[in-house]
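Good morning, and thank you for coming.

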Amino acid sequence: MDTKMPYGGAHVPAEKTAAPLAPKADLSLASRVLGGGGGRSATRYGDSRLGSRFDARLGTRALGTSDESELSKKIVDTHESDQNALATKPVLHIVEVIFHRAAVDLPGFIQGSGANLEDTDEKAFYPAASLQDNVEIPARITSTISCEIFSKCSVGVDVHTITMDILRLIKHYSWDSKVVLALIPFAVSFGEFRLVVQHSTANPLAKGIALLKQLPEILEHMGALKPKLDALFELIKEILDVTTKIVEFYELPRQEYFAADSPELNAAVSHIPTAVYWTIRSIVVSATQIYSLTGMGIEYLTEPWELSSLAYKLNNIKGHLVDLIERCLKFIQKRKDDEAYAAFIKIVESTHIDNSRPLRAFFYNKDQPALYDCYNKRRVSIEELRRKVVVLFITDLNPDIARQAEYAIVQQMYAEKKQAVSRTESQYEVVWVPVEHDWSEDKLVQFDSLRNQMEWYSIHHPSVVDPVVIRYIRERWNFSKKPLLVVLDAQGNIVHRNAIHMMCIWGSQAYPFTTNRERLLWEANTWSMELLADHLDLNLNTWIQEGRHICLYGGEDPEWIRKFTRTAKDAAREAGVALELLYVGRSKPKERTTRTVLDTIQQEKLSRALDLNLIWYFWVRMESMWHSKGQLVSSENVKNDPIMLGIIAMLSFGSSDQGWAVISRGFDLMVKGNGEHMFKGLNERTRWRPREQEIGFLPALDEYLRQLHVDAPHHCTSLILPATGAMPETVACSECGRLMERYTMFRCCLE
């Protein structure tokens, strides 16, 4: 009858067994030797003919009608406790060497390569050198298992019954110990067989034993036996593999990381007893092959396909065990990572005397300096940053990093720092920390190349940044692609999660780059020309001090620029005010278009103009204002904050290619308008001249522009914001004050 196999194995035929030869005793051999449980056993061996050929097929007569769950239940019922345990790992190492040697040295048979045998032997026997002193192998039990196998097989007891009797014999051992205990006597028998074969031609003792066992006759047929030996060694390989996986599972720190009802342990309870059963059963089958070679005769060897079928089943079981162990290892690793992560958080978010310990948590390289001085091209230790403000420049490994705004800001900050090293605002250091998922050789070369272009500090090697640190950077600081400048004060406290924007706005004035310093700087400023265009032009401060009217304008239409600048100059001259015009372009400009506009302005002397790099910086700074100020103002209060309203207006102007202008005098009112309204307002000065005489040039112009907004039939204003950083739920139109509709835009501009 066929037997259903666990783990999705195929159905296989039941084995043939010898006919009963004598009445069975009440107690098994295990009971007679050890005084334990019962089971089938024969009181004597059969004759040499055995009534019928012994066949080690996979099915069982006893469980022919049992399904997998019933078999599993019976297997588990044989286990009573884990009170006894064996040092399975060192014992298994020795067993593996025995089988490996046996496979290589058998005449006429080659299994793998013997090139590394000595290394394998040393690897196995070194941890077992003190095995005799430290590990107790229950020789009485292993001898009894050997007797169970060879005595019962010789009288035709089915393999299932022998396997169950062995399990009852070792009922007080853990499951990993059970399978190793069953493997020991088989390894001894197989090793003895190999030794006799190997030395039979040179050693008289071995030769005598070989003659009594009729081994010369067997060796003469070794070539013909190779298919059967191939199948046998394949089965032994699977036995060792499954045993190794069972031992590997029991080596895991299960009690430390798993709850009693965890899915992983439940899976182990379900799978491992059955895996042990089929492994011991395979040991029994394999042992009968040695018995056939050394006692019964080669005609009683099992057919190769039958051994291969059993090997296939063990391979299937091994797959389940590998999956189980991988799940456990992933779970354990996650727990360890979480513990390390919690420990790291505790270090970097606690108060310290200085920054040494937090920095060592961020950058660790045992016994070697973890950092690199890019300017002096040398390795340096954490001590060089002790009690200094440290700015972590966190980026991905972008080959174009030097073209990014953040890089330019850091470069400018460092240039200011080097000009006055002793001043208070220069007492900080920058450390570049590139973040990547996988560091290939090509990426390491790229890392070295980028590092050599810098003037500040860098990590010496990506390995000094632990994965726990990378996790913290991603989860706590929300790093993805956009570079960050995270600031640690002299005590190692994290005082700003991204100081790039305050550095971009105020430069060295932002020192020591804390969130509190950022808040104080904003409180000290108003929406004025000084804030808007600080240090963009060398003459700007002079103009402000002299009380001149300053007009910043942009747009990409040369004709509008001509009309506007001429009209503005005429209106200022007629009003008797000193007006300075400065072209600042637009946000995200097209380089070719901007160069054309700049050439037109310079050739026709229409006004002053920022160069291309300063135009870029002006709008990057505006975006930084958006991020920096925006985090301090709630969305409900934006409409009541003059600075935020001014920033939104400027970014709206910069998002369009149409003309626009902002005019101010010193710290007075700032008048703004799109190109059409501003040109019309200045061109129609005669209409608001009476009000100008009453309230002044700028207030009168502002009043007239507001009326133009009211009278205008329609307008279309856009506001393009960078996709990174906090995004407001609502934004009011800079033209009319109504809430703007929200869209998502993707843009690719190639010139």
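Let me begin with a term: two strands are said to pair if DSSP finds at least two bridges between them.

What you see is a predicted model, in which local features need pLDDT of at least 70 and side-chain atom pairs count only at pLDDT 80 or more, while totals for chains, interfaces and linings use all residues. Residues are numbered from 1 along each chain as its sequence is written, and side-chain values use heavy atoms, with hydrogens and water left out.

First, the chain as a whole. Its secondary structure amounts to 29 helices and 12 strands. Of its 751 residues, 50% are buried, where buried means under 20% relative accessible area, exposed over 50%, and partly exposed in between, with a 1.4 Å probe and protein chains only. The exposed surface comes to about 36,400 Å², and carbon and sulfur atoms supply 50% of it; these areas come from the Shrake-Rupley method with a 1.4 Å probe, and for residues only the protein chains shown count as cover. Contact, throughout this talk, means heavy atoms within 4.5 Å. Among contacts in the chain with a separation of 6 or more, 72% are between residues 24 or more positions apart.

I turn now to the sheets. Strands of a sheet pair through backbone hydrogen bonds, either parallel or antiparallel.

Trp432 has Ser458 of strand 5 as its bridge partner.

Is Val431 buried or exposed? Val431 is buried, with a relative accessible area of 0%. Beyond its neighbours within four places in sequence, Val431 is in contact with residues including Phe363, Leu371, Leu385, Phe393 and Tyr457. Of these, Leu371 is 60 residues away from Val431 in sequence, yet the C-alpha to C-alpha distance is 8.2 Å.

The other sheet I wish to show is also open, with 5 strands in the order 10-9-8-11-12 and mixed pairing. Strand 10 and strand 12 (670-674) are its edges, each pairing on one side only. Strand 8 (residues 549-554) and strand 9 (residues 579-583) run parallel, joined by 5 bridges. There, Cys551 has Leu581 of strand 9 as its bridge partner. Helix 24 packs on this sheet, touching strand 8, strand 9 and strand 10, and its direction makes about 150° with that of strand 9. Helix 29 (residues 697-711) lies across strand 8, strand 11 (660-665) and strand 12, at about 35° to strand 12.

Next, a pair of helices. Helix 23 (residues 558-575) and helix 28 (residues 685-695) pack at an angle of about 35°, their axes 12 Å apart. Which residues make the contact? Helix 23 contributes Ala571, Glu574 and Ala575, and helix 28 contributes Arg685, Arg689 and Glu692.

A cis peptide bond, with omega about 10°, joins Tyr511 and Pro512; Pro512 lies in the loop between helix 19 (500-506) and helix 20 (515-523). Arg387, in the loop between strand 2 and strand 3, has a phi near 60°, a positive value in a residue other than glycine. Arg387 is partly exposed, with a relative accessible area of 49%. Lys605 is not a glycine either, and its phi is positive at about 55°. Lys605 sits in the loop between helix 24 (591-604) and strand 10 (608-609), and is exposed, with a relative accessible area of 70%.

Terms used:
Axes fitted to C-alpha atoms, helices over the stretch in contact; angles between N-to-C directions. Helix = DSSP H or I, 4+ residues; strand = E, 2+ residues; numbered from the N terminus.
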